[in-house]
Structure formats: structure tokens, C-alpha cells
Amino acid sequence: MNYLAHLHLAAHTHSSLTGNLLGDFIKGPLPTALGPVFDEGIWLHRKIDAFTDAHPEHRAAVARFEPPWRRFGGILVDMLYDHWLSLHWQQFHQATLPHFLRESYGRVLADHALLPDGLPLPLRRMVEQDWIASYRHREGLAQALNGIGRRLRRPLPLGEALATLDAPRWQACEQGFLRFYPELMAFSEQQLTSHRRGSPS
């Protein structure tokens, strides 16, 4: 999953928003030196990503991309899921998306001073430049994907992959997301509840 989904799932489970975002940047075993609150968010991030990657709906969405784009299907689908979460936001959260993002950015920035090295630069830019708001629009999504593509070992315009999904495949992926995401919300809540109780997971 990508930034918006991790923020939303962190809020949904009342866990650290910053910790959940740090899951993309902190590798290696837990606990870290960052503190239990952040470690819990990183732990949940990893659980969310593993559940997502193994889910039949996510795998089906990846398979709808033709070669050579299918090789990058995981990245493409994770970004598409943020796009559809933006479009269907009111199904999953009571506050408006702009309000949620303002609140979330403030909480993440407040954690900057609590981290030994501060926020990773991509997270600071994401917050300061409000990348997530652009994901709602297909053009903004394509630009974000192109930005990711420029950072690949062999740069390529990843945003062009979106044009390869015809209307039926696009709609099938979107409907798959709408079936999948409530399952992910329930999974995240259950996992964190078990984790806090000290149960094996």
C-alpha cells in the first residue's frame, strides 16, 4: 500500500501515523531505537504490506497489466489503490479528505523532532508539498508514478502504464479494490488488537 492507505489505516487502528509511514524506510528487525510507538506502526505497516501483496484481488490487479509494465505491477497497483481510496474516501472515513490530510500532516510533522534523524526526506516533501491530494486525479497519479520511475535503476515513465488499462480492466481493478479494502481495514484492526494483547501473530 502507499502513503494515503497507510495513513488511513493508522488512523483507523489508532496507531502511530508516522510509524506506519516509516515502514517504507526502516528495514531490519524490531525493536528499533525509535521507541515503542513508532515500532508498533512499522510492525503494522509490514503486516499490511504482506497481507496486500498476497491477496487475490491485488494479484489479479497486477496481472491486468501487460508486459513490460507487469514487472512493476506492485508499485502501480499500490498507487492506484491510493487513487481509488481518494475517490471513494467517504465510504471509509467520516472526515473529508482535505481535513484528514491537514490533521495527518500536522501529526507527522510534530513527530519530526522526536526522531533521532528527523523524518526521511521523502516524507517531509510529501507533507510539505501535499503529494497525496494529487493522487485523486489521474493526471496527478501519472505524474507521481513518473517521479517514482525516474528513481528506478533504469528510469522509465511509469505513468504511461495507466493508459494500457482499457475501461473494462480499469473498472475491474477498481471494483476489486472496493472488495479488498474493507478486508484490509478489518485485518489491520485485528492484527493490532492481537499485537497489543501480546498474542502471537
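1. In this predicted model, Arg124 is partly exposed, with a relative accessibility of 33%. Its side chain meets that of Glu128 in a salt bridge, with an N to O distance of 3.5 Å. Both residues belong to helix 7 (residues 121-129), where they stand 4 residues apart, about one turn of the helix.

2. The salt bridges in the model number 5. One of them pairs Arg179 with Glu57, and the closest N and O atoms of that pair are 2.7 Å apart. Arg179 is part of helix 10 (residues 167-196) and Glu57 is part of helix 4 (residues 56-63), so this contact ties together parts of the chain that are 122 residues apart in sequence.

3. Glu57 is buried, because its relative accessible area of 18% falls under the 20% cut-off. Arg179, at 46% relative accessibility, is partly exposed.

4. A further salt bridge joins Arg169 to Glu66, with 3.5 Å between the closest N and O atoms. Here too the pair links distant parts of the chain: Arg169 is in helix 10, whereas Glu66 is in the loop between helix 4 and helix 5 (73-87), and 103 residues separate them. Arg169 has a relative accessibility of 21% and counts as partly exposed; Glu66 is also partly exposed, with a relative accessible area of 41%.

5. The final point concerns shared partners.

Notes:
Residues are numbered from 1 along each chain as its sequence is written. This is a predicted model: local features need pLDDT of at least 70, side-chain atom pairs count only at pLDDT 80 or more; totals for chains, interfaces and linings use all residues. Side-chain values use heavy atoms; hydrogens and water are left out. A salt bridge is a side-chain nitrogen of Lys or Arg within 4 Å of a carboxyl oxygen of Asp or Glu. Helices (H or I, at least four residues) and strands (E, at least two) are DSSP runs, numbered from the N terminus. Buried means under 20% relative accessible area, exposed over 50%, partly exposed in between (1.4 Å probe, protein chains only).
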